[in-house]
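The following paragraphs lead the reader through one protein model. Please keep the sequence and the structure in view while reading.

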Amino acid sequence: ERGLVWFRTDLRMHDNSALYHASTRCKWLAAVFIACPKTWKSHHEGDTLVNFRLACLRELQAQLQNRNIPLYYLEIPKFSQVPKVLRQISQRLKIDALFANAEYPLNEQCRDKAVQDALNEEGTKVEYYSDRTLLPPGAVRTGSDEPYKVFTPFKRALIQVCAGIEVKILPAPRKMLQSDGGPHWPKWLKLEGGRKLTQKIPSQLTHYSMDTAETGVVKGWRTGESAAQKRLKAFSERVSEYQTERDFPALDSTSRLSPYLNSGAISIRQCIHMALSLNDGCWQGGNEGIACWISELIWREFYTHLMVDFPRLSKGKPFKEETEQIPWSYDKDQFDRWSIGETGVPIVDAAMRQLNETAWMHNRLRMIVASFLSKNMLIDWRWGECYFMQQLIDADFASNNGGWQWTASTGTDAAPYFRVFNPYSQSKRFDPNGNFIRKYVPELASLNDKDIHDPPPVQGYPQVICDVAAGRKRAIEVFAKLK
Ligand code: FAD
């Protein structure tokens, strides 16, 4: 058989279901990656994320080359053109079967269904594998066969299913034979409409500003599978401290694996496998740090399953439909000040500046800034969601949408809507010495540990943009009216 592996957000050699199964089934194998910048832009995927993805792809291409698997690259504007193009590619390369790992946001699912139809029509098999999550969406159900809408029972049920299954890591593909009467894979192909399928991954992409400064690093993040594995290994030495240290943004105490998980440079199984092997196979109990980290990984799982069960989440709708009635503010000036970190609330500003400078933000801070925007400022959470998608190197539709809706009380949070994070007390609790604030808001660096959380007027630093307490009260009132 001649197989084609279609890479998307699964950019790794090891433990890649589609790649592994293709390599065991097919005598000859090629791979393809199709960039769709116009669609990516419409999904608000930003420069940093796309730079990171293409850098991971470059490393993958080199590794595949060592196994005699050529990786082709093509840029077309939109998802809607993918079925036709893949059909042409599969005809020209005489492909018998296409292999890919399933992607779950709605547009991705529609694209994949259309690809399947187009290829099946001309006799090419298409196989999608469940690979992005531990269990396929739909596999965790309540007693009455309903999806779970709250995290804790979901987690319990997932662990129950998983505890009976060994988490296995698949090996990298074997080295393919080059000769043996097999195909001579062309260096490039001319497709209809003047498009060119090449083995060159470009350093420029339509609609995106590309980061060519340093190879193998994007905004300070090392790229690719090898960097992901190193990070996992380094984190395995710190994971026992995770529960006690993970909420303090000044400490480097979380794994920072999210960019790799989301581009697929590492798999969820590899993460869970590491955690279980250090915790005598226990999902819960045992070492508290490890159990807590496993729980966080299950949040990712929860939001991905939820997105599949509730397609309205992919259409900009709130999980709790009644929250559509909230009179959200659309004050662009206020929003801009939040986004550049000029709100006058130090912890919020430090967090937003961390996001803008490093393309990543600590989880505790994501909750604080999301709560500040959607509750104290009452600005539509969808603006914040979109800004995060554009800026984050780990932007993931399901986790981002889930996190925003959870914080804005339009989503799955089991806590009542009147829980509004107080940015000042959060700041004192989780950045007690103000070290994190000092790092990102140098204007306040000389303030003492007490003043830094809620500063007196400081030259060059803005006054608070809204009445924080009144904003909280107003949010509670508008939510109460929904009842
Ligand atoms: P660790 O603490 O080491 O956790 C390990 C992994 O578990 C993470 O890499 C991630 O894959 C997963 N995880 C941890 N916490 C969560 C969570 N609350 N929800 C879902 N998965 C989780 N995460 C993203 O990956 N992409 C996003 O776009 C994203 N947007 C968010 C927006 C908001 C408003 C909030 C509150 C959270 C968001 N998160 C998002 C979740 C979380 O903040 C990040 O996953 C985490 O900060 C990544 O850092 P880490 O890899 O060091 O995490």
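The axis of a helix is a line fitted to its C-alpha atoms, taken over the stretch in contact, and the angle between two axes runs from 0 to 180 degrees between their N-to-C directions. The model to which this definition is applied here is predicted.

Consider helix H13, residues 346-358, and helix H17, residues 423-430: their axes come within 8 Å and cross at roughly 70°. Angles of 65 to 115 degrees count as roughly perpendicular, and H13 is therefore roughly perpendicular to H17. Where the two helices meet, H13 contributes Pro346, Ile347 and Val348, while H17 contributes Pro423, Gln426 and Ser427. Sorted by class, the residues of this contact comprise 4 nonpolar and 2 polar ones, with no charged residue.

The next step is to view the whole chain. The protein is divided into domain 1 (1-132), domain 2 (133-169 + 225-309) and domain 3 (321-481). Between the C-alpha centres of domain 1 and domain 3 there is a distance of 37 Å. The contact between these two domains takes 7 residues from domain 1 and 9 residues from domain 3. On the domain 1 side, the residues touching domain 3 are 3 nonpolar, 3 polar and 1 charged.

In an unreviewed entry, UniProt lists residues 1-134 as "domain: Photolyase/cryptochrome alpha/beta". Within the model, the span 1-134 is 46% helix and 22% strand, and its end C-alpha atoms lie 29 Å apart.

Finally, which domains each supply at least three residues to the shell around the ligand? They are domain 2 and domain 3. Helices H9 (258-263), H11 (288-309), H14 (363-376) and H16 (397-408) each provide at least two residues of this shell. Of the 27 residues around the ligand, those that come nearest are Thr254, Ser255, Ser258, Asn400 and Gly403. By class, the shell consists of 11 nonpolar, 9 polar and 7 charged residues.

How values were computed
Residues are numbered from 1 along each chain as its sequence is written. This is a predicted model: local features need pLDDT of at least 70, side-chain atom pairs count only at pLDDT 80 or more; totals for chains, interfaces and linings use all residues. A residue is near a molecule or strand if its C-beta atom, placed from the backbone, lies within 6 Å of it. Helices (H or I, at least four residues) and strands (E, at least two) are DSSP runs, numbered from the N terminus. Ala, Val, Leu, Ile, Met, Phe, Trp, Tyr, Cys and Pro count as nonpolar, Asp, Glu, Lys and Arg as charged, and the others, Gly among them, as polar. Domain bounds come from an automatic or database domain assignment. Angles under 35 degrees count as roughly parallel, over 145 as roughly antiparallel, 65 to 115 as roughly perpendicular and the rest as oblique. UniProt positions are given in the numbering used here, feature names are shortened, and annotations may be inferred rather than shown by experiment.
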